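Please work through each task before reading its solution.

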Amino acid sequence: MEEVVADHGLRLLHQLDSILDSHPSIDELGFVHPMQLTSLHALEDFSPDNQGPFFTRMKRRGKAQEASINSNEQAEDCSRRIEGQEGESELPGYNSDDDSGEVEHGNGKLLYDEAAFWCAHGKLAIAVPALAPLYKTAKAEFRVLQKQYAKVTEERCESASCCNGKEMDGRINGIKSCLGLMKEERKASLEKELMKYTRSLVIVNCDFATAWNARKRILSSMAVCEDTLLAELQLASMVLSYGPKSEESWAHRRWVINHMISGGVQQTTIDSVLKADSKLVELIAGRSTMNYRAWRHRHWLISHMSLSQVSAELEETKLWAQSHIADNCCFHYRRCLLLGILQGVASSFSESMKFPPLVHPSLSAALTKKPQIAAHLWMEELSWNEELIKHYLGHEALWIHRRFLLWGFGHNSKIFWSSSATTVAESVVTVSFERQEESLERVMQLAAKELQFADSCIAACGPDVMEDANRQCEFAASYKLWLLSLPGEKGEICKAVEPNLISIQNLLKEVIPHRQRLWDGLVPNIL
Amino acid sequence: MATLHLQKHVDYIKSLDKKSDFDSLVTEHLRMSGAYWGLTAMDLMGHLADMDANEIVAWLLKCQHDCGGFGGNHGHDPHVIYTLNAVQILALFDKLNAVDADKIAAYIAGLQNEDGSFSGDEWGEIDTRFSYCAICCLSLLKRLDKIDLKKATDFVARCKNFDGGFGCTPGGESHAGQIFCCVAALAIAGALHHVDKDLLGWWLCERQVKSGGLNGRPEKLPDVCYSWWVLSSLVIMNRVHWIDKKKLEEFILDCQDSENGGISDRPDDAVDVFHTFFGVAGLSLLEYPGVKAIDPAYALPVDIVDRIFYGQENGFTDKL
């Protein structure tokens, strides 16, 4: 029985390999119920609608589920386990008029078990029951190969070291080099096999770190080859389409990109990879909202960007943010871009910043020539945020973004309002006393306006009992507290404009009573 | 009025060992973490003795590599996370003497980078979670002096954001899980002065939604595991009285499967050992009767931590 299972697993593995080898641009993966696979095969010719994901994920419920499944439902970003194995029915976004169907079976074309696989138009579906035998067999083979590979790489080191710097008899040299060649061939063959099995392993289990590591190990021992590394990124993209929160997969991408950079891959390729990665995050973020791991990756890309790329990202993500106003990750990303610009200006002032320099040197260089960009972009962000707040009531992410912007203005007034002056030379290092006073004055004016804005938001909500309006009130009230507690660079900014602190306590008590314990503890401490 | 179905959860955790379904197969790589979650939960519920300590320790020791680090299971590459979990499990069973502490310390020290950060393994990924794993593990082994602790805490401090929270790297989005790692690491290292307790306390309290549950970031749904990460951070910073503890307790109890045992991320979802542990740990921090006290920084029962640092379970100071 064991043998039958193993054979079955091996067969499935070989079929999966053939599918992957003949479809190098698969961009989406799904694990589906056998009945869904049957319907996929029953589809005549079609082309997928590229707007949304082809496979959508289903959340696993408790008691309604099959008893045998012990749910390892992934927690919100905090667990390293994979998500549930069930895939979904395809989206109704297919167009049956298209005649370029790629389902290949029979007649000398690619053969695979239709009860296990379906592949067309860059989409690959695997039936859930096929996963276990596939995985078990791949893992068993992987273990065996790992041991053999470890042995070969050890022996290789030993023989390399014993040949060094010694005079050898020509004949012995010949034998050794012949043996060496055989070892090289053996190593290469093992590597090929390992890459094959680990490919299947990470597809079924994207968090199987040891499999990803084996690939890194092999790639490290070879000469850097652009095509190979690009194919590696393609594999990671495919895996991420099913496991968008897989930290191992994202980390693998970063490793590959770093490897490309250090391995001397040409800059144009690197640039297009970085651009594509940013787009990949956006695509994935659209399908799995507030995806911490995905956005963390996009944040990592900023350190490789120039000023024009950062500004472009700010512009391009604006539209996305507007259609995902509850996605705090996106707004955080914009905060990183804005901070990056600020840091670029700051480093040109050689001021010590409260945060470490994270920007590409070219970004700083460019900002030295145009320091007023920082103020312009930040003010633009502030007014755009105001529009969104007025339009979309009660959205926490928008208010948090506003808190950040005011914090930024408060802590860096010298940079903002000095840089809105003429040239860098005038405002470098020792900012004149007048300029400092002026910039502080500007911050206080801004803060006063913001307090009025918060009041207007509270007033606009009235005695409405709708949830959105209530939340808007709450956020506006806590925003007032935020403003009043901003220390700024020379003592509290806002105290000068709102000396009556009792009123804020009463406001919070009235508008956000369920957080009374928080206000009782917090307000005396921060005001 | 809901109560804690303690025995059901004990039975649930004991049943996990026997599972060999596909889910167990694809979570095999993190079995060390799963074991830590299950065993610590068992100890908090007073049932650690139900488990076969010798069998578990024997399995655990086979997960150690020559470099000193532990993998998530047999044949899995070493990583600092599993190294911490292994040491935590050994602490639970009072078997820390089964390992060479210097070897483990050397492995961890080797993962520290120039800027003070820690990589998770030889492949170089940096994350404040790994800083926590390193600091917590070395502290339990009483070998914190093997790393540059000042650089380590300075790096963590650099991951602080405008909102008082911490992310995975400098500039990373504030996230309750990462915040726990940073606050706990700083606490263990004696560097809590880096934390703005009022500002962060405010951010953490805003995680409590109207149902009483806690989320991990703005706009997200509440999840039982944040009962641990948010709560433990608040306890460390002495601000836990700022949240509505009663409502949180009700939320956690609502997430139980009262028939089959186990706790899920939110009411009516499927249960798992991860959420069972964090639910019980959260209740412990809320001082729920029948659950042992847990240390908010080490994430181990207080009596276990006392035993390590003071030599006796009843808390009396031993000769040092």
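**Exercise 1. Determine the strand order of the sheet in chain A and identify its edges.**

Step 1. In chain A, three strands make up an open sheet of mixed pairing, ordered β1-β3-β2. Strands are DSSP runs of E of at least two residues, helices are runs of H or I of at least four, and both are numbered from the N terminus; two strands pair if DSSP finds at least two bridges between them.

Step 2. Because β1 (28–32) and β2 (117–120) of chain A each have a single partner strand, they stand at the edges, and one side of each is left without a neighbour in the sheet.

Step 3. From one strand to the next, the twist averages 15° (axes are lines fitted to C-alpha atoms, and angles between N-to-C directions run from 0 to 180 degrees).

Step 4. Four bridges link β2(A) to strand β3 (residues 123–127) of chain A in the antiparallel sense. A:Phe117 has A:Ile126 in β3(A) as its bridge partner.

The model is predicted: local features need pLDDT of at least 70 and side-chain atom pairs pLDDT 80 or more, whereas totals for chains, interfaces and linings use all residues. Residues are numbered from 1 along each chain as written, chains are lettered from A and ligands numbered from 1 in the order written, and side-chain values use heavy atoms, without hydrogens and water.

**Exercise 2. Describe the contact between chain B and chain A.**

Step 1. Chain A contributes 78 residues and chain B 71 residues, contact meaning heavy atoms within 4.5 Å.

Step 2. The two chains bury about 6400 Å² between them, with 53% of it on carbon and sulfur atoms; buried area is the accessible area (1.4 Å probe) lost on putting two parts together, summed over both.

Step 3. On chain B, the most area is lost to chain A by B:Trp123, B:Phe162 and B:Trp202, together 14% of what that side buries.
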